Structures are given as structure tokens and as C-alpha cells.
Amino acid sequence: MSEQAIFDVFVIGGGINGCGIARDAAGRGYSVALAEMSDFASGTSSGSTKLIHGGLRYLEHYEFRLVREALMEREVLWAMAPHVIWPMRFVLPFHRGGPRSAWLIRLGLFLYDHIGGRKLLPATKTLDMTRDPAGAPLKRLFTKAFEYSDGWVDDARLVVLNARDAADRGARIMPRTRVVSARREGGRWAIEIENMTTGARETIRARMLVNAAGPWVDRVLAETVGKKDVRNVRLVQGSHIVVKKKFDDPRAYFFQNPDGRIMFAIPYQSEFTLIGTTDRDFTGNPADVRISDAEIDYLCSAASEYFSDPVVSDDIVWTYSAVRPLFDDGASKAQEATRDYVLRVENGEAPLLNVFGGKLTTYRRLAESALEKIGEAIGNKGKKWTAGSHLPGGDFPAVGYEDEVAKLKARYPFLAASHARRLVRLYGTRAAQLLGSAASEVDLGRLFGADLYAAEVDWLIGQEWALRAEDVLWRRTKLGLKFSRAQIAELEKYMRGAANAAA
């Protein structure tokens with residue numbers, strides 16, 4: 001066991017909040033270390049509905065501050081990472097006798113258009129579903145709809161890009177590293193960590209500890225820090241299904257279910273439709289969360305109330321579930337629990353910041369708020385800086401994706417159009433660094449399946465901490481949807497060999 005220099009800030013948790021805080025802190029000049037017990041975004045942050053949105057339904061629960069902050073963030077984040085975030089139009093079908101009246105929906109969308117500083121995103125409009133193409137896949141019951149703007153995000157990539165940028169700014173980023181214990185000692189935190197791959201342990205000292213462990217935030221307080229009677233978050237399971245494409249329109253649908261809950265049907269990875277989410281309380285280990293048969297039935301049934309061609313379980317090609325750690329505000333229903341975040345500092349011999357709740361859209365603002373509290377506790381360093389920044393690969397105009405694809409194709413003419421588009425979507429301007437001096441597909445090395453070559457796998461190993469096939473296929477990319485079991489096994493074998501060679 002070795003002793004390390006004292007860090008200003010030690011972050012527990014490699015989800016969006018932990019990585020966002022680490023990036024912001026490193027950019028201000030703090031010395032930062034972050035430990036994530038698994039892979040980045042392996043929990044809640046890769047199990048979202050993948051939206052950068054204001055949260056239209058939160059207006060019903062009077063969460064105006066949260067909605068306004070989220071609406072304002074949409075275009076900030078889009079400009080920050082236009083490769084992994086982009087605008088999407090949503091169609092909200094309406095019929096008489098539905099769960100919400102037309103005037104209420106109009107009021108909500110009016111607020112949505114006007115309280116969030118919208119500049120580039122187009123405004124709401126009303127659709128005649130008997131004429132608009134968006135009406136074609138739906139039952140004839142829906143003759144009217146409202147169309148509004150929000151954004152789409154590749155959630156897991158957003159997390160790893162924050163981790164990458166934090167590391168580029170000097171942070172020590174440690175995935176697959178478990179925090180064994182954290183104790184106050186001599187006015188500092190003594191944090192014992194274990195490398196989950198090698199089993200090696202060491203003790204790191206820090207002036208301040210940030211607990212951003214998501215669904216495990218209370219467990220960290222109880223088992224790692226040693227506090228008693230910990231009960232701060234309400235765990236809520238959200239599950240999604242991915243089915244064969246149900247419609248060709250690039251717009252997504254916002255469905256209102258008879259029970260008052262809402263659901264999205266979203267174009268996904270060009271060949272599929274993403275449907276979700278559910279909301280139900282969860283009491284088990286978040287690492288073991290799986291979609292239930294009841295949730296599958298619910299999502300299929302609810303979507304079939306809208307689509308003329310019913311959604312059945314045989315359509316499903318993939319499912320995913322995650323546990324959202326919502327701050328426990330005593331709400332009676334899971335879908336009514338607040339999506340706002342709460343930051344609490346425990347001062348004493350060494351300060352501790354606990355992060356409860358939060359959502360993808362507001363992660364950057366959450367990080368800024370966390371840095372205010374860190375500054376109050378251990379002294380300020382630097383000013384707010386992330387609003388005008390770019391995440392790795394995102395240094396091109398918000399509306400410049402097509403131009404970047406054209407540039408990549410011009411530089412690497414051997415790339416198929418779909419391959420070039422995928423690379424720019426994932427890596428932005430860094431796609432050219434990944435491809436390097438390649439002059440043909442042969443120069444990209446072994447083809448594992450779809451359009452995944454060894455050059456990309458090696459990049460993900462070296463630049464983005466990928467260790468297993470799962471990391472590449474389901475978090476760094478979504479090519480798992482196109483890989484056979486045999487291809488997955490071959491990729492896993494290759495990556496294990498690369499890991500052994502690096503050891």
C-alpha cells in the first residue's frame with residue numbers, strides 16, 4: 001500500500017454528476033481524483049431515456065425552477081457537444097377524453113417555449129394528424145397533435161467525454177476502482193481504494209470528499225463513511241424496450257397514458273424505436289436491476305394504445321433498466337418524486353459533499369453548484385468556465401454536424417457514408433485522430449462486426465478506458481444491437497489480450 005499526495009477533491013462515482021464535477025473542478029485548478037467501482041455510466045447514467053429536455057411533465061408538479069434551468073441548458077449543452085447532442089422534435093398526440101385537456105397542454109407548451117431562453121430550437125406548433133406524416137403510424141383516433149422541441153443525447157458518451165476532459169485537465173481518473181473506506185484523519189480524508197482488476201490497494205488523501213455515487217449514495221454514507229440511519233434517496237426503476245422500427249419519421253412521440261404517466265417512442269440508431277420509461281419503486285441492489293415482465297407488458301400495451309400496428313414482445317430486440325436515485329421528498333408515487341437535485345455539505349474535520357438526485361440535462365449546472373460549495377469549504381479556485389466550453393470532439397458549430405461528416409469523408413474517401421456519420425456522431429473532430437494515417441479499410445485493422453474495426457477498439461482502450469466488449473458495444477457505441485454472440489466473443493477475446501499485454 002502506497003501513500004499519495006494530498007488532492008483537493010476526491011470524487012466517488014463515475015456517472016454524469018461525478019464526472020461533471022471532476023471536470024469542472026479540474027478546469028478551475030483543483031487537484032482532483034475520481035474513483036468509479038465499475039465502468040463509466042454503467043449505472044443510472046446509461047439507462048436514461050437519452051433526452052436533453054426541460055421536463056414538460058414536471059410543470060404539473062410545479063417544479064418551475066428545475067424546468068427553467070433544464071430548458072436553459074438544452075442549447076448550452078448542444079453547443080458544448082454537438083456530436084453527441086442534437087435537437088429533436090416531439091409530437092404529442094391529443095384526443096378528447098384524454099388524461100390532459102388541450103388548454104392545459106397549450107399552457108405547458110407556452111411556458112416551455114418562453115421561460116428557457118430558446119434561441120436556435122424551433123417553437124411549438126399544432127399539427128393536423130389527418131394530413132401530417134406523423135399521423136400515419138398512429139390510430140385514426142388522433143386527429144390533432146402539438147409538436148415541440150427538445151434534445152437527444154448519447155448519455156453514456158456524454159459521461160465518458162466528461163471523464164476524458166477531466167483527465168486531460170489533470171484529474172486522476174480511476175474506473176474499476178472501489179472505495180473501501182473513507183475516514184477523517186488529521187484534518188484530511190484518508191480514502192482506501194482497491195483496483196477491481198488487479199486487487200491492489202492504496203490510500204489517497206484529500207481535503208474534501210464528494211459522494212456522487214448515484215443509487216449507491218446512501219450506501220457509501222453508511223458502509224464507506226460509517227454513518228448511521230442513512231435515508232436520503234428514493235430508488236425508482238425506469239425500464240425501456242428497443243423494438244424494430246415502428247415509423248420512418250425523424251420526429252419522436254410523447255404519449256400520455258390513461259394512468260396519467262407519460263411515455264416516449266423515439267427513433268433509435270436508424271433501425272429501431274426506443275420506448276420508455278416506466279416508474280416504479282425499487283428496493284434491491286441497483287447493480288441487479290432488470291426489466292420485469294410486468295414492465296414489458298405495460299410498455300407494449302401503452303404504446304399499442306397509440307400505434308395502429310401493436311407493439312408486441314416479439315418485436316423487442318433489446319431492453320435496459322436503471323435505478324434513478326431521486327431525493328426522497330415524501331411523494332406518494334414514484335412518478336411524482338422530485339427530479340431536482342439536492343447538495344448537502346457536512347463540515348467538520350474534513351468536509352463532505354453529498355449529491356442527491358439530478359438528471360442528465362442539469363448535470364453541468366449541478367456541477368457549478370457543487371463547485372460553489374467546494375469553494376466555500378476549502379477555498380475558491382478559478383471561475384465558472386464550462387458554459388462556453390466544448391467536450392472532446394465537440395469543437396464545431398452546433399449546426400455543423402453535416403459539414404463535419406463531409407470533411408471526414410473528403411479526408412478518408414474509403415469510408416462508407418454510414419461509417420463516417422457514426423464516427424462523427426461518437427467522436428466529432430477527434431474521429432480524424434482515431435483514423436490517423438489510414439488510407440484504406442485495411443489500415444483500420446481487423447473487422448469485428450458491423451463497421452467496428454480494431455483501430456476504433458484500440459482508440460477506446462487507450463483513450464476511453466474500455467476494458468471489456470460490453471464497454472465498447474453498449475456504452476462507447478451501441479453496436480451491440482448489430483453484433484452476433486460469436487462476434488461479441490471474438491471482440492472480448494481481443495480486448496482481454498490487449499489488457500493482458502498492457503499489464
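This is a chat about a few spots in a predicted model.

User: Hi! Let's start with Asp39. Where does Asp39 lie?

Analyst: Asp39 sits in a loop, the one between strand E2 (32-35) and strand E3 (51-52). Keep in mind that we're looking at a predicted model.

User: Okay. Is Asp39 buried or exposed?

Analyst: Buried, because its relative accessible area is 2% and the cut-off for buried is under 20%.

User: What does the side chain of Asp39 make a polar contact with?

Analyst: With the side chain of Arg475, at 2.7 Å.

User: And which residues is Asp39 in contact with, leaving aside its neighbours within four places in sequence?

Analyst: Arg176, Trp465, Asp471, Arg475 and Arg476. So Arg475 turns up here as a contact of Asp39, and its side chain is also the polar partner, because a polar contact is a pair of N or O atoms within 3.5 Å.

User: What about phi of Arg176?

Analyst: Phi of Arg176 is near 55°, which is positive, and this residue isn't a glycine. Most residues other than glycine have a negative phi.

User: Which loop is Ala41 found in, and what is its phi near?

Analyst: Ala41 is in the loop between E2 and E3. Phi of Ala41 is near 60°, again a positive value in a residue other than glycine. Ala41 counts as buried, with 2% relative accessibility.

User: Switching to peptide bonds. Which residues does a cis peptide bond join?

Analyst: Gly276 and Thr277, with omega at about 20°. Most peptide bonds are trans. Thr277 is placed in the loop between E14 and strand E15 (280-281).

User: How many nonpolar, polar and charged residues are in the lining?

Analyst: By class, you get 19 nonpolar, six polar and 13 charged residues.

User: Strand E4 came up there. What can you tell me about Leu92 in E4?

Analyst: Leu92 is in strand E4 and counts as buried, at 2% relative accessibility. Not counting residues up to four places away in sequence, Leu92 touches Leu56, Ile105, Lys144, Ala145, Phe146, Phe254 and Gln256.

User: How far are the C-alpha atoms of Leu92 and Glu147 separated?

Analyst: By 6.2 Å, although the two residues are 55 residues apart along the chain.

User: Are Cys19 and Cys300 buried or exposed?

Analyst: Cys19 counts as buried, at 1% relative accessibility. Cys300 is buried too, with a relative accessible area of 7%.

Key
Residues numbered from 1 in each chain as written. Predicted model: local features only at pLDDT ≥ 70, side-chain atom pairs only at ≥ 80, totals over all residues. Heavy atoms only, no water. Helix = DSSP H or I, 4+ residues; strand = E, 2+ residues; numbered from the N terminus. Buried < 20%, exposed > 50% of the residue type's maximum accessible area, 1.4 Å probe, protein only. Polar contact = N/O pair within 3.5 Å; in protein donor to acceptor, adjacent residues only side chain to side chain. Contact = heavy atoms within 4.5 Å. Nonpolar A, V, L, I, M, F, W, Y, C, P; charged D, E, K, R; others polar.
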